[in-house]
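Colleague: Hey, could you walk me through this one? I've never looked at it before.

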Amino acid sequence: MTVFRTALFCALIASSGVASSCASYGNRESGAANYGSSSADLHTDVNQALAELYRTNPRARELSQSSLGVLVFPSMVRGGLGIGGGYGEGELRRGATVLGRYNSVTASWGLQAGAQSYSYVVFLMNEEAMTY
């Protein structure tokens, strides 16, 4: 049993684990979202993140035009020292229509130290991805 505990301990120390979730708090059926006080700021940030992506990578605009939806998180913030976490808010769009507002939460453990902020965009290419 001691060997098992030692092996398990070494595996946990040697590896880094990550858990994440994404939750919607908009009304996808009607296209209306339950926005808080920062909805206008989020919408502006999403527009700026997409404009920057399209400016730096023209292929992204082509991909966007052939996708059914685009999920944009304009500002994800992560940090940790041994144990870490991250959070960001975003919008799901179909064309110019906002289908919902989402948040993403991550947790991690392992060898890590620092903080970062980044944006990410997910292009949803089929109806199955849109309803997932």
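Predicted model: local features only at pLDDT ≥ 70, side-chain atom pairs only at ≥ 80, totals over all residues.

Colleague: Let's pick one of them. What does valine 70 touch, not counting residues up to four places away in sequence?

Modeller: With those left out, valine 70 touches Leu50, Ser64, Glu91, Leu92, Arg93, Val121, Val122 and Phe123.

Colleague: OK, zooming out. How many helices and strands does the protein chain have?

Modeller: Four helices and three strands. Starting at the N terminus, the order of elements is α-β-α-α-β-β-α.

Colleague: And how much of the chain counts as buried?

Modeller: The protein chain has 132 residues, and 30% of them count as buried. As for the surface, the accessible area comes to about 8,400 Å², and 59% of that belongs to carbon and sulfur atoms.

Colleague: What about contacts between residues at least 6 apart in sequence, what share of those join residues at least 24 apart?

Modeller: It's 68% of them in the protein chain.

Colleague: Back to the helices. At what angle do α2 and α3 pack?

Modeller: About 120°, and their axes are 4 Å apart. α3 is the helix made of residues 58-66. The two helices are therefore oblique to each other.

Colleague: Which residues meet there?

Modeller: On the α2 side you have Leu53, Tyr54 and Thr56, and they meet Pro58, Ala60, Arg61 and Ser64 in α3. By type, the residues of that contact are four nonpolar, two polar and one charged.

Colleague: Tell me about tyrosine 54, then. Is it buried or exposed?

Modeller: Tyrosine 54 has a relative accessible area of 13%, so it's buried. Leaving out residues up to four places away in sequence, tyrosine 54 touches Ala60, Arg61 and Ser64.

Colleague: How far is tyrosine 54 from serine 64 in space, C-alpha to C-alpha?

Modeller: They're 9.3 Å apart that way, and 10 residues apart in sequence.

Colleague: And why does serine 64 count as buried?

Modeller: Because serine 64 has a relative accessibility of 17%, and buried means under 20%. Its place is in helix α3. Apart from residues up to four places away in sequence, serine 64 touches Tyr54, Val70 and Phe123.

Colleague: What about serine 64 and arginine 94, how far apart are they?

Modeller: Serine 64 and arginine 94 are 30 residues apart in sequence, and in space they're 9.5 Å apart, C-alpha to C-alpha.

Colleague: New topic: where is leucine 68?

Modeller: Leucine 68 is in the loop between α3 and β2. Its relative accessibility is 30%, so leucine 68 counts as partly exposed.

Colleague: What is leucine 68 in contact with, leaving aside its neighbours within four places in sequence?

Modeller: The list is Arg93, Arg94, Leu124, Met125, Asn126, Glu127 and Met130. Take methionine 125 from that list: leucine 68 and methionine 125 are 57 residues apart in sequence, with their C-alpha atoms 5.4 Å apart in space.

Colleague: Great, thanks, I'll go and find those in the viewer.

Methods
Residues numbered from 1 in each chain as written. Heavy atoms only, no water. Contact = heavy atoms within 4.5 Å. Axes fitted to C-alpha atoms, helices over the stretch in contact; angles between N-to-C directions. Parallel < 35°, antiparallel > 145°, perpendicular 65-115°, else oblique. Nonpolar A, V, L, I, M, F, W, Y, C, P; charged D, E, K, R; others polar. Buried < 20%, exposed > 50% of the residue type's maximum accessible area, 1.4 Å probe, protein only. Areas by Shrake-Rupley, 256 points an atom, 1.4 Å probe, with all protein chains shown as cover.
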